[in-house]
Each structure stands twice: as structure tokens, then as C-alpha cells.
Amino acid sequence: VGFNQGLCVGIILGVEDNAHYDKKICVPKDIDIKERIRVVNNYIATQSNRAGEAFASLTFDAMAQKWPCRSK
């Protein structure tokens, strides 16, 4: 269980880091990893039609929907 949890956290942080660089995901600084995981899990739970897709793709969509970057 520990390895899989770490792998999921690593994917979430990797997707976020890459998308933040491209200004596609902007998570507020006060959001902790548990909240990030909660957002991704809740999103995936509503996407049963996408069950075969990569975890990273679903993670990106969940985080981009929850924390899109605002243009200034």
C-alpha cells in the first residue's frame, strides 16, 4: 500500500508541477497534499466512463478544473 500511495502522490505533484509551469494549474499555496488527493479522488469517482484512462490524465483534468490559473 505504501508504495502505491507514494506513487499516486508523486504523479499528482508531477502533474501539478508541469502544468503550473505551463500556467494550466495554479494550486493556492495553502492547499496541502491531502486536499490535492481528495480533489483527485473525488473527481475520479465521478468519471466511471473514463476508467481505462491514465491516472495522470485524470489528475490533470481534476486539478485544472479545481484550480485553473486566472489570467491577469
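Let's start with charge: the protein chain carries 10 positive and 8 negative charges, and their mean positions lie 4 Å apart. Keep in mind that this is a predicted model.

Now the fold. The protein chain has three helices and zero strands, which gives the pattern α-α-α when you read along the sequence. The radius of gyration is 12 Å, close to the 11 Å from the globule rule for 72 residues, so the chain is as compact as a globular protein of that length. Along the principal axes, the C-alpha atoms fill a box of roughly 40 × 25 × 20 Å.

As for contacts, take those with a separation of 6 or more: 61% of them join residues 24 or more positions apart.

Here is how the surface and burial look:

| Share | Value |
|---|---|
| Buried residues among the 72 residues of the protein chain | 26% |

What sits inside? The largest nonpolar core has 14 residues, and those with the most contacts within it are Ile25, Val27, Val40, Met63 and Trp67. Helix H1 (2–21), helix H2 (33–45) and helix H3 (55–66) are the elements that each give two or more residues to this core. H3 gives the most, with four residues.

Leaving out residues up to four places away in sequence, Val27 touches Glu16, Arg36, Met63 and Trp67. Two of these partners, Met63 and Trp67, are also listed with Val27 among the residues with the most contacts inside the core.

Conventions: Residues are numbered from 1 along each chain as its sequence is written. This is a predicted model: local features need pLDDT of at least 70, side-chain atom pairs count only at pLDDT 80 or more; totals for chains, interfaces and linings use all residues. Side-chain values use heavy atoms; hydrogens and water are left out. The radius of gyration is taken over C-alpha atoms; the globule rule is 2.2 Å times the number of residues to the power 0.38. Buried means under 20% relative accessible area, exposed over 50%, partly exposed in between (1.4 Å probe, protein chains only). Contact means heavy atoms within 4.5 Å. Lys and Arg count as positive and Asp and Glu as negative; His and the chain ends are not counted. The place of a charge is taken as NZ of Lys, CZ of Arg, CG of Asp or CD of Glu. A nonpolar core is a set of buried Ala, Val, Leu, Ile, Met, Phe, Trp, Tyr and Cys residues joined through side-chain atoms within 4.5 Å.
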